[in-house]
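This report describes the architecture of one protein model and the surroundings of its ligand. The sequence and structure are shown first.

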Amino acid sequence: MRQSHFFVQTLREVPAEAEVPSHRLMLRAGMIRQVVSGVYSYLPLGYRVLRKIEAIVREEMDRAGAQEVLLPAVQPASLWQESGRWDDYGKELLRFEDRHERMLVLGPTHEEVITDLVRTEVRSYRQLPVTLYQIQTKFRDEVRPRFGVMRAREFIMKDAYSFDVDEEGLDRSYRAMYQAYEQIFRRCGLEFRVVQADPGAIGGEGGSHEFMVLSEVGEDTILVCPACDYAANVELASGKVAGEDGRRSVSEKERFLTPGAKTIEELRDRYGLDPETIIKVLVYRVDDRPVAVAIRGNDEVNEVKLKRLLGARRVELADEETVRALTGTGFGSVGPMNLNMPLVVDDAVASMPEGVAGGNEPDVHYRHVVPGRDFNWDSRGDIRTARAGDRCVRCGAPLEEYRGIEVGHVFKLGTKYSEALSASFLDERGVQRPVIMGCYGIGVSRLIAAAVEQHHDDKGIMWPMPIAPFHVHVLPVNLKDAAQRDAAEQLYTRLENAGIEVLLDDRDERPGVKFNDADLMGIPIQLIVGKRISEGLVEMKRRKTGEVTLLSPDEAVRAAV
Ligand code: ATP
Ligand code: MG
Ligand code: MG
Ligand code: MG
């Protein structure tokens, strides 16, 4: 590609709202332009990187046995009503009406559509297992789009879905995707950690993992054990969930440090419940710690639900002694009571009146929190956020804290969607059973930003070769010098013929401008053709290390290929 014709404008200044290096550099290098908040156009330079990443993702998905499909961006509301997510998903789901007054949504994810496809196509166990994937545009009406393509509203995701006949099958499919993900992120040149995401989501450990690119601008906090392989996300808790619900996001302090109600009267007051409402407080042992849960008299609560809610491995009713110590009374206590620990209340457990926003308001209860992951108890029995230095739940070593960018997420869904949408198959004995599902996402466009965060300096981007927009940048210093111009042209042609992707800076610009732009765009190898071409020498500069070698054009071609 000749830069004189290349559709790219580098910028010296960028809008003040570009807060993080990747956003600034992607704008400055002319990779992306914003169209409206959280919605971007990819210009040729940016699109080339996107396609490189897509190609790696495709190769590894295909290698893992997944098959590519393309599902629509527009989906009918009816499917979301069937799954129950029409009510649960909140404002991130963009809903609209067509001319026939039928409600549609712009897909933020595709569990419903794929389950609908599979329920009509799959009849028998003989058609399973199968894993389908797509690379496609998603829309999520994020409360706070920011950091460019890192948290956009319209973005590109690779999403895959596996369908198996049993849990062992799911384990195999999950493993295959997990390993493909490791391979993808390694190939993209990223330093990442795999962390437990939400162990409570499907029961037990290993039900969900996130792939985190380590970076100080990451929005997730992860705790990593240096002694064993334990690593977990501390941040799937109330603040984020609140954000997704379109509710006010709260600071960590507000989220966790405010104690919940300690008496039932306090609870009634706070939620404006009439005195007739019966509230039960049950004390459970959750992974060996006592947790007091408040529920409304008629609501059902059981160990399975709590396990999910609290992300615990073991939940059982506390023995009488513990209960007495905490409440002064026995099980299922009703009426005034003083607890010497805060109550854990969740919307899923206690459906409080409308408008009550769980832990989102200062001074109320915690919701969507997972003890041990989101917080710990200090010596006084108060709740606080888990943090560096806390003991690893597996081996007891002090945990270390990092910031991470979530670039991938794998998740065992089980029968959540297949049951809701009746996607079943006939097993070997002719029995109808729901298919067992897993889902697997990669933020393809977010990966670009994550890569820039890990690979840049104050001059610009430093692309890892496998995802670089071009392999080699040929830079004639002075185009008016025929020897320089001819040598650069020749290098360009020879490299192109050898299958190398080359950008030739054939613009009539000052050398300083060319060098600055080249460093900004970050193509891994720069071949600088200057005065020393008279001695038959060009400079090869590695963008990442800054290392410069003097070579003959022949040697330069060999080194680049
Ligand atoms: P986050 O916690 O960052 O909001 P998520 O957990 O909501 O992400 P998933 O539903 O797990 O996202 O989607 C799969 C992947 O899609 C994520 O791991 C992430 O890489 C990417 N992704 C999600 N939301 C966005 C977004 N707004 N912009 C760009 N990529 C995104
Ligand atoms: Mg999200
Ligand atoms: Mg997440
Ligand atoms: Mg996720």
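## A strand pair in an open sheet

In strand 27, the residue standing opposite His473 is Leu503. The two strands concerned, strand 26 (residues 472–476) and strand 27, pair in the parallel sense over 3 bridges; pairing requires that DSSP finds at least two bridges between two strands. Helix 14 (residues 482–497) packs on the sheet and touches strand 26, strand 27 and strand 28 (525–529), its direction making about 165 degrees with that of strand 26. Contact here requires that the C-beta atoms of two residues, placed from the backbone, lie within 7 Å. Axes are lines fitted to C-alpha atoms, for helices over the stretch in contact, and angles run from 0 to 180 degrees between N-to-C directions.

The sheet is open and mixed, with 5 strands in the order 27-26-28-29-30. Strand 27 (502–504) and strand 30 (548–551) each have a single partner strand, so one side of each of these edge strands has no neighbour in the sheet. From one strand to the next, the twist averages 20 degrees.

## Basis of the description

The model is predicted: local features need pLDDT of at least 70, side-chain atom pairs count only at pLDDT 80 or more, and totals for chains, interfaces and linings use all residues. Residues are numbered from 1 along each chain as its sequence is written, while chains are lettered from A and ligands numbered from 1 in the order in which they are written.

The protein has 16 helices and 30 strands. These are DSSP runs numbered from the N terminus, helices being H or I with at least four residues and strands E with at least two. Of the 561 residues in the protein, 43% are buried. A residue is buried if 20 or more other C-beta atoms lie within 10 Å of its own, exposed if 12 or fewer, and partly exposed in between, with C-beta atoms placed from the backbone. Among contacts between residues at least 6 apart in sequence, 68% join residues at least 24 apart.

## The shell around ligand 1

There are 15 residues around ligand 1, of which Phe155, His409, Gly441, Gly443 and Arg446 come nearest; a residue is near a molecule if its C-beta atom, placed from the backbone, lies within 6 Å of it. Two or more residues of the shell come from each of strand 8 (154–164), strand 20 (400–414), strand 23 (436–443) and helix 13 (444–454). Strand 20 gives the most, with 4 residues. By class, the shell holds 4 nonpolar, 6 polar and 5 charged residues. In this classification Ala, Val, Leu, Ile, Met, Phe, Trp, Tyr, Cys and Pro count as nonpolar, Asp, Glu, Lys and Arg as charged, and the others, Gly among them, as polar.

Gly441 lies in strand 23. Because 23 other C-beta atoms lie within 10 Å, Gly441 is buried. Leaving aside residues up to four places away in sequence, Gly441 touches Met157, Lys158, Asp159, Gly408 and His409.

Strand 10 (residues 208–214) is mostly covered, with 6 of its 7 residues buried. Strand 10 pairs in the antiparallel sense with strand 9 (residues 192–196) over 5 bridges, and Gln196 stands opposite His209. Strand 10 also pairs in the antiparallel sense with strand 20, over 7 bridges; here Met212 stands opposite Glu406.

Gly404 lies in strand 20 and counts as buried because it has 25 C-beta neighbours inside 10 Å. Its contacts, not counting residues up to four places away in sequence, are Arg193, Met212, Val213, Leu214, Ser215, Gly218, Asp220 and Ile222. The C-alpha atoms of Gly404 and Arg446 are separated by 12 Å, the two residues being 42 apart along the chain.

## Helix 13 and helix 1

Helix 13 has 10 of its 11 residues buried, among them Arg446, Leu447 and Ile448. Helix 1 (residues 21–28) packs against helix 13 at an angle of about 105 degrees, with the axes 8 Å apart. Helix 1 is therefore roughly perpendicular to helix 13, a term covering angles of 65 to 115 degrees, whereas angles under 35 count as roughly parallel, over 145 as roughly antiparallel and the rest as oblique. Pro21, Ser22, Leu25 and Met26 of helix 1 meet Ala449, Val452 and Glu453 of helix 13. These contact residues divide into 5 nonpolar, 1 polar and 1 charged.
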